[in-house]
Amino acid sequence: MGTGATSHSDRNVTRGSCHCGAVRWEFRGEIPDATICNCTACRRYGVLWAYDYDGEAIHIEDPTGALTAYVGATRSLTFNFCRHCGNLVSWRGLQANDKGQTRIAINLRLAEPDEVARIPLQRFDGLHSFEDLERDGRTVAEVWF
């Protein structure tokens with residue numbers, strides 16, 4: 001699985017991988033937004049999240065078992081890193097919802113920039129209010145640096 005967007009059964013597929021290529025992810029379908037969060041973890045990681053459910057729109061491929069997990073302070077999710085290159089690949093909820101789905105997010109910074117540049121940013125105040133903030137019109141392309 002390489003990087004970049006391609007057609008998959010008439011649906012958009014966006015792909016990303018850690019720096020060394022040991023772990024890859026795929027988001028099948030349109031990515032509605034990229035969440036930029038100011039919580040104590042996300043602001044340090046500098047990530048841009050795209051959310052869905054494990055095994056639904058998001059698929060992670062880790063053929064060599066390179067992912068290692070850090071359990072966040074809330075004990076509600078894990079942050080998943082490549083043990084070889086250190087890239088933060090995803091976070092994953094520790095409990096399934098009532099439908100048996102497990103929430104997961106992939107780090108859009110691991111995709112090719114041109115493939116995710118036009119995705120709108122969703123600011124999330126994970127530090128104070130734990131609510132989405134009003135969109136300001138920015139896209140992923142405007143926060144690469």
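The largest pocket in this structure has a volume of about 610 Å³. Its lining comprises 24 residues, and those closest to the pocket centre are Cys37, Cys39, Leu77, Phe124 and Phe130. The model is a predicted one. A second largest pocket has a volume of about 170 Å³.

**Largest pocket**

- Two or more lining residues come from each of strand S4 (34-37), helix H1 (42-45), strand S5 (49-53), strand S8 (77-82) and strand S11 (121-125).
- By residue class, the lining of the largest pocket holds 15 nonpolar, 7 polar and 2 charged residues.

**Second largest pocket**

- The second largest pocket has 11 lining residues, and Asn12, Glu30, Ile31, Glu115 and Ile119 lie nearest its centre.
- Strand S2 (11-17) and helix H2 (113-116) each contribute at least two residues to the lining of this second pocket.
- The lining of the second largest pocket splits into 6 nonpolar, 2 polar and 3 charged residues.

**Strand S11 and its partners**

- S11, one of the elements that line the largest pocket, is mostly covered, with 4 of its 5 residues buried.
- S4 and S11 run parallel and are joined by 4 bridges; Ile36 has Arg123 of S11 as its bridge partner.
- S11 and S12 form a hairpin with 5 residues between the strands, where Phe130 takes a positive phi near 55 degrees.
- Phe130 is also among the residues closest to the centre of the largest pocket.

- S8, another element in the lining of the largest pocket, is antiparallel to S9, with 5 bridges between the two strands.
- Phe79 has Trp91 in S9 as its bridge partner.
- The hairpin of S8 and S9 has 5 residues between the strands, and Gly86 in the turn has a positive phi of about 85 degrees.
- Strand S9 (residues 88-93) has 5 of its 6 residues buried, so the rest of the structure largely encloses this strand.
- S9 also runs antiparallel to strand S10 (residues 103-107), with 3 bridges joining them; here Arg92 stands opposite Ile104 in S10.

Methods:
Residues numbered from 1 in each chain as written. Predicted model: local features only at pLDDT ≥ 70, side-chain atom pairs only at ≥ 80, totals over all residues. Heavy atoms only, no water. 1 Å grid on protein atoms, 1.4 Å probe; cavity = no way out; pocket = protein on both sides within 12 Å on 5 of 7 lines; lining within 4 Å. Points joined across faces, edges and corners; volume = space filled by probe spheres on them. Nonpolar A, V, L, I, M, F, W, Y, C, P; charged D, E, K, R; others polar. Buried < 20%, exposed > 50% of the residue type's maximum accessible area, 1.4 Å probe, protein only. Pairing = 2+ DSSP bridges.
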